[in-house]
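Please look over the sequence and the structure shown below before reading on. The report that comes after them is written for someone meeting such a description for the first time.

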Amino acid sequence: MVKEEIGALGAESIATIGGVMKISPDRRTEGTSQEGVRSEEVPELGRLKIFESKVKCNCFTISDGEMQEIGVGLYPSMSLLNHSCDPNCVIVFDGKQLQLHAIRQIQADEELTISYIDVMATSPERRRQLETQYCFTCDCERCETADKDSDMLAGEQRAWKEIKESIPKVEELQSAGNWEEVVDVCQAFIDKSRDVLPDTNLYLLKMLDAATDSCIHLARWEDALCYSVRTLRPYQ
């Protein structure tokens, strides 16, 4: 396990990390911001845009013990970790301290990797998000072979498409803190999907996750446990 405290970086440090890790040279030229502003054309604005882009690409979302987002932080060493859709490490937080945990056996000289995004998405969706947010096209084995996409979309198509279309409503309720209503909506879809969708289905998993999260907010611990247990095998 590797630990790192939150760090304060100057623009020069962030530029180095961003240039090495997450600012793709073939998609963004030196001196060009995410919005395409050349620093030599508008010096101060250009530098601010570059600084903002690199902070966004290299910061980490800080979560509490219940996996609730409480802020963002810059961690210089951990910003050097590359992305994989099948990572061998995961980031966790103890207060503001970032910890890097191995999630499988790592061979000598094997690169340490994390996922920059939620890996519970189909290959096209992961690639689209990485291109939009980090400006690179993922060519990892999972994306090339799409080996888990069939499991993620298993079951009756009509049923999972209906759940997929309801996800924005659930996210809106979550943002508003309407936890009871979130549980009710999720439970309705979970009941409706019984016998037609396996727990490996991506969109059913999102409902189970949302129900778990809402029950935690409501201190309904037994209900939260029941929902979360169903996600263990799919997430392995």
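The sections below go from the whole chain to particular residues.

## The model and the chain

This is a predicted model, in which local features need pLDDT of at least 70 and side-chain atom pairs count only at pLDDT 80 or more, while totals for chains, interfaces and linings use all residues. Residues are numbered from 1 along each chain as its sequence is written, and side-chain values use heavy atoms, with hydrogens and water left out.

The chain has 10 helices and 7 strands, where helices (H or I, at least four residues) and strands (E, at least two) are DSSP runs numbered from the N terminus. Of the 236 residues in the chain, 40% are buried; buried means under 20% relative accessible area, exposed over 50%, and partly exposed in between (1.4 Å probe, protein chains only). Among contacts (heavy atoms within 4.5 Å) between residues at least 6 apart in sequence, 58% join residues at least 24 apart.

## An aromatic cluster

The structure holds 3 aromatic pairs; rings of Phe, Tyr and Trp (its six-membered ring) pair if their centres lie within 6.5 Å, and planes under 30 degrees apart count as stacked, over 60 as edge-to-face and the rest as tilted. In one of these pairs, the rings of Tyr116 and Tyr134 have centres 4.9 Å apart and planes at 50°, so this pair is tilted.

Tyr116, Tyr134 and Phe136 form one aromatic cluster, in which Tyr116 counts as buried at 13% relative accessibility, whereas Phe136 is partly exposed at 22%.

## Asn88 in a loop

Where does Asn88 have its place? Asn88 is in the loop between β4 (82-83) and β5, and Asn88 is buried, with a relative accessible area of 1%. Leaving aside its neighbours within four places in sequence, Asn88 is in contact with several residues, including His101, Ile103, Arg104 and Leu112.

The side chain of Asn88 makes a polar contact with the side chain of Glu110 at 3.2 Å; a polar contact is a pair of N or O atoms within 3.5 Å, and within protein one must be able to donate a hydrogen and the other to accept it, while residues adjacent in sequence count only if both atoms are side-chain atoms. The side chain of Asn88 also reaches the backbone nitrogen of Thr113, at 2.9 Å.

## Ser214 in a helix

Is Ser214 buried or exposed? Ser214, which lies in helix α8 (residues 202-217), is buried, with a relative accessible area of 0%. The side chain of Ser214 reaches the backbone oxygen of Ala210 at 2.9 Å.

When neighbours within four places in sequence are left aside, Ser214 is in contact with Trp179, Val182 and Val183. Ser214 and Asn178 are 36 residues apart in sequence, and their C-alpha atoms are 8.5 Å apart in space.
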